[in-house]
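Hello,

Here is the structure I promised to pass on to you. Please open it next to this email, and I will walk you through what turned up.

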Amino acid sequence: MKIAITSQNQRTVSGHAGRATRFVVYEVDNGKVIGKELIEVDKENTLHEFFHNARIPGKTHPVLKVDVVITGSMGPGFIRHMEEFDIEAIMTDEHELDVVVNKYLNGTLNSLAPSAHHHNHHH
């Protein structure tokens, strides 16, 4: 299986899955990481652009070949789009990429529910 994590610096999880331009993709076999690659796209080819522009028949997105996308922040629309491609979308507050993958694999990754708006009014 392949797990893509949004990470602009390739060390920690970044947010805004739909607008991310860098994804670290872990290749996992039998619960073990066997490889790691970087997918980098330009701003015109983010998932947000892919989903919101007219879809070109036959055109795909490199991230849509993975099984799981993990990110620091995403909206409900992102989850719906991922479901179209049978991709599990997870939002987490963990930071270290390797930790995130290991926790995902052993079922202990803290996953957050996405909300359309992050407005915390604490006075």
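Before the rest, a word on how to read the model. It is a predicted model, in which local features need pLDDT of at least 70 and side-chain atom pairs count only at pLDDT 80 or more, while totals for chains, interfaces and linings use all residues. Residues are numbered from 1 along each chain as its sequence is written, and side-chain values use heavy atoms, with hydrogens and water left out.

**Confidence**

The protein chain has a mean pLDDT of 90, and 93% of its residues reach 70 or more (pLDDT is the predictor's confidence in each residue, from 0 to 100). Residues 118-123 have a pLDDT below 50, and this stretch makes one contact in the model beyond near neighbours in sequence (contact means heavy atoms within 4.5 Å). Where pLDDT is low, the predicted coordinates should not be read in detail.

**Salt bridges**

There are five salt bridges, counted when a side-chain nitrogen of Lys or Arg lies within 4 Å of a carboxyl oxygen of Asp or Glu. One of them joins E27 to K2, with 3.7 Å from N to O. Since E27 sits in strand β2 (residues 22-29) and K2 in strand β1 (residues 2-6), this pair ties together parts that are 25 residues apart in sequence. (Strands, E, of at least two residues, and helices, H or I, of at least four, are DSSP runs numbered from the N terminus.) E27 is partly exposed at 31% relative accessibility, and K2 is partly exposed at 25%.

Strand β2 also holds R22, which links to E40 in strand β3 (residues 32-40), 18 residues away. The closest N and O atoms of the R22 and E40 salt bridge are 2.7 Å apart. R22 is partly exposed, with a relative accessible area of 26%, and E40 is partly exposed at 48%. Salt bridges with shared partners also bring K2, E27 and E37 into one network.

**Aromatic rings**

Two aromatic pairs were found; rings of Phe, Tyr and Trp (its six-membered ring) pair if their centres lie within 6.5 Å, and planes under 30 degrees apart count as stacked, over 60 as edge-to-face and the rest as tilted. F50 and F51 are edge-to-face, because their planes stand at 80°, with ring centres 5.3 Å apart. Both of these residues, F50 and F51, are buried.

F51 also pairs with F85: the ring centres are 6.0 Å apart and the planes are at 55°, so this pair is tilted. F51 belongs to helix α1 (residues 47-52) and F85 to the loop between α2 (76-84) and β5 (88-92), so the pair ties together parts that are 34 residues apart in sequence. F51 counts as buried because its relative accessibility is 9%, whereas F85, at 29%, is partly exposed. F50, F51 and F85 form one aromatic cluster.

At 68% relative accessibility, D86 counts as exposed.

Best wishes

Key: Buried < 20%, exposed > 50% of the residue type's maximum accessible area, 1.4 Å probe, protein only.
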